[in-house]
Amino acid sequence: MNDYNVILSEIYHKIIPKHSCVIDVGAHSGHFTKIFTDIVGENGLVYAYEPNPKVYPWLLDHLSGHPNYSKIRFLNCALSDKVNRNIEFFVAEDRLEESGLRCRSFNGPTKINKVIVNTSTLDNELSLLERKINLIKIDVEGAEFSVLKGGNSIISKHKPIISFEFGLSSFSAYDVNPVDVYKFFYFHNYIIFDLFGSLLSEDQFVKSSIKQEVWDYIAFYKEDVPTINILQN
């Protein structure tokens, strides 16, 4: 069985430049936030967004002793395609990593509690950021397309690498058509790879997201794709 977190970590070390800026949307307890902070170093910058009130304290605690702690911006809000909207957030008490803005199909039994969270967008949050955004990672249990739509201007301006999770059992709760996600990237002049380095056509991306054998994808602005596919092992 593949350890996708290990594979993603290896990819991030290859594609994220030192001293760069990374946006972690759906930081959870900070596993990848720490990796990003390690990679970018003391002159880098990491934004960590996590709306779950049960998990947010873990995020702060996990990174509290990091030597570059001052380079992390922690934000306890949900990114979406709407600004300043107080909406329900479904906390899966027994599967906290699967919590989100919709009650999705969970991977096992869990008690559900509802809390109210505030929403914002990438464009609203980062429009005044002067430094270049190098990578945006999105893992928000099905709401990935909403986050992307809320970042139209940021994506057009910075053309960051975009790493995102996407699978039927989560995005179906949001009535998302994977064709629309592919077309979003196509409109922005991006191409999509799965985390094993396979370049995906529209049909391949749709089938992959429905089949769910691979959950994670990396999208590059076309002109920034490396000559050698560094995603492949």
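**Entry 1: the β5–β6 pair.** I looked up strand β5 and found that it pairs with strand β6 (residues 112-120) in the antiparallel sense over seven bridges. I count two strands as paired if DSSP finds at least two bridges between them. Helices (H or I, at least four residues) and strands (E, at least two) are DSSP runs, numbered from the N terminus. For phenylalanine 89, I noted valine 115 in β6 as the bridge partner. Asparagine 86 stands opposite asparagine 118 in β6.

**Entry 2: basis of the values.** I record that this is a predicted model, in which local features need pLDDT of at least 70 and side-chain atom pairs count only at pLDDT 80 or more, whereas totals for chains, interfaces and linings use all residues. Residues are numbered from 1 along each chain as its sequence is written, and side-chain values use heavy atoms, with hydrogens and water left out.

**Entry 3: the sheet.** I then traced the open sheet, which three strands form in the order β4-β6-β5 with mixed pairing. β4 (78-79) and β5 (86-92) stand at the edges with a single partner strand each, so one side of each is left without a neighbour in the sheet. I found β4 paired with β6 in the parallel sense over two bridges. Alanine 78 stands opposite threonine 119 in β6.

**Entry 4: serine 9.** I located serine 9 in helix α1 (residues 4-15). Is serine 9 buried or exposed? Serine 9 counts as buried because its relative accessibility is 15%; buried means under 20% relative accessible area, exposed over 50%, and partly exposed in between (1.4 Å probe, protein chains only). Leaving aside residues up to four places away in sequence, I found that serine 9 touches Phe32 and Ile35, where contact means heavy atoms within 4.5 Å.
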